[in-house]
Amino acid sequence: MLTRKSLSLQSLSFLIIFFLLAVFLTVPTTVPTTVPTAVPTTVQASQNDRLNIAIPDRAQTLDPAYLQRVLSDWPVMNSIFNGLVKYEPGSFDVVPDLAEDWTISDDDTEITFTLKEGVQFHQGYGELTAEDVKFSFERIIDEEADSPEAQSFANLNRVEVIDRYTVKLILDEPMGRLFTSTLPFNAGLIVSQEAVEEMGREEFAGNPIGTGPYEFVEWDVNNNIILTENEDYFAEPPIYPEIKFMPMADPTSQELALQSGEIDIGQLTLDNFENIQAMDEFEAEIYPDLAIQYIAFNTSREPLDNQTLREALRYIIDPEEILTAAFAGQAERARSILLPDMIGYWEAQEYELEEVGEEHVWDLLEEAGYPDGEGLSLEYVTDAIEERRLIGALIQDQLARFNIEMNIEALEVGPKIDRWEEGSYDVTYARFTNTVDPGYNFQWNLSEQIGSWNLFHWSNEEYDRLWQEAESIVDEEERAAKYQEMQQLMDEESIGIWVTHGVKTPAWRADLEPVFSPDGVVLPWLVDSQ
């Protein structure tokens, strides 16, 4: 057993070699675990009139009020639906979409939108009217609907229909992020009232009716989602008449599929990015990601309801090792839930083992009731993909240096989300996609989100109060001060570890001209051919 007197660190290189060997031995020998540069490439699209796009996992829902996985759900939703406003392609500037224009009252609590006339829902569900806008937003704030997006409209009291093409949002108080993240993102997408009421919520989630450039056709047995061009689209029609979204959880699989011609657009691993970017048949770019990847401690159950123990783990777990091994050293360390240029950015102190020494950590473990780490065993839940398994193995090794055991459970998306909601784990690793407004980023850690997306299972009344106050503030400096206080509360209670904001690495056939959002999400209806 390791003690204070002797702590021999395991070699990280041996761990990585052992882990990769184990993965190789469990993979059929006909499927390589990396992409060799000499793999023959066939870059013709499977069908000239169809665009095949990889998504990182199967979509969970196509109902905007119940989005679960941004990377898989959002690209599909964004092709099917429109909002009153949208992000201008290639930027985060907000421009009109279904709305012709709008006016805002002097006290910022009444926003009146004038809708475009003649916009048609898919599959004969009629013209979009103010009633559909009212229905789309009020279903989200209805407590019985249990929408995870309710906080996105935290200050929305009701929606008034003025006439067929005029609708007014009535707020209890101003909403600082209404136009920056609520209306341009999934919560702001407009659904067909008639379709939802006719089908019911569950059926609509798999048979969406919107007004967007593409309409839903099929969700097949392989979880591919096929969309076809909306011939009645009110704006510029898409170049490609059909899209197929294909779930591929392993980025290596996307690389192989891109080279074989199975997909036209996908993501690369950082290890192979330069090799594939150098090929004449492909183009590739690195985009900054708006997401936050982090290690969450479950603060609601033993043993990590013990703050002193959480403080010890924060020193033991080294994100730099994770970035080196799992991200090829090409992703930067996150010091905050927010990106540095966002409103309210606050950089926490660095909790580095070298700074305090091992003796300090042993003391914390003893104070927490686990002298020399004896008797401490943790349950870790993660995704069943190679990168996340490796991250789990790295954390497991780091904890073992202090005699702490950690059992790793690698699960598919559905079972993993069930465990998150139940809180039946001690530690997990997650990636959450954020928006350009911090209010959205912080809402998932509210007390109300326990059992949904608050993976810390952490409740703090002061945090909740500060978030609600910030929602009603328009002045950026005042909002920033609230968000900084919230980050300080999270840091003081040692609820987890920010690891990285990551990057996105899209690649595509060289004969395509795709358009991406600033964080690297493809906009399929704007993809052109050279």
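**Conventions.** I number residues from 1 along each chain as its sequence is written, and I leave hydrogens and water out, with side-chain values using heavy atoms. In this predicted model local features need pLDDT of at least 70 and side-chain atom pairs count only at pLDDT 80 or more, while totals for chains, interfaces and linings use all residues.

**Entry 1, the four-stranded sheet.** I looked up an open sheet of four strands, ordered β4-β5-β7-β6, with antiparallel pairing. Helices (H or I, at least four residues) and strands (E, at least two) are DSSP runs, numbered from the N terminus. Two strands pair if DSSP finds at least two bridges between them. The edge strands, each pairing on one side only, are β4 (99–104) and β6 (156–163). On average, neighbouring strands of this sheet are turned by 20° against each other, direction ignored. Axes are lines fitted to C-alpha atoms, for helices over the stretch in contact, and angles run from 0 to 180 degrees between N-to-C directions.

I then followed β4 to β5 (residues 110–115): five bridges join these antiparallel strands. Thr103 has Thr112 in β5 as its bridge partner. Helix α3 (residues 130–141) lies across β5, β6 and β7 (166–171), and runs at about 170° to β6.

**Entry 2, the five-stranded sheet.** I found a further open sheet, with five strands in the order β16-β15-β17-β14-β18 and mixed pairing. Its edge strands are β16 (405–411) and β18 (496–500), each of which pairs on one side only. Strand β15 (residues 377–383) runs parallel to β16 and is joined to β16 by seven bridges. Asp383 stands opposite Leu411 in β16.

I located Arg401 in the loop between α13 (386–400) and β16. Is Arg401 buried or exposed? Arg401 is buried, at a relative accessible area of 10%; buried means under 20%, exposed over 50%, partly exposed in between (1.4 Å probe, protein chains only). The side chains of Arg401 and Asp397 make a polar contact (2.7 Å). Such a contact is a pair of N or O atoms within 3.5 Å; within protein, one must be able to donate a hydrogen and the other to accept it, and residues adjacent in sequence count only if both atoms are side-chain atoms.

Contact (heavy atoms within 4.5 Å) involves residues including Trp467 of α16 and Tyr483 of α17.
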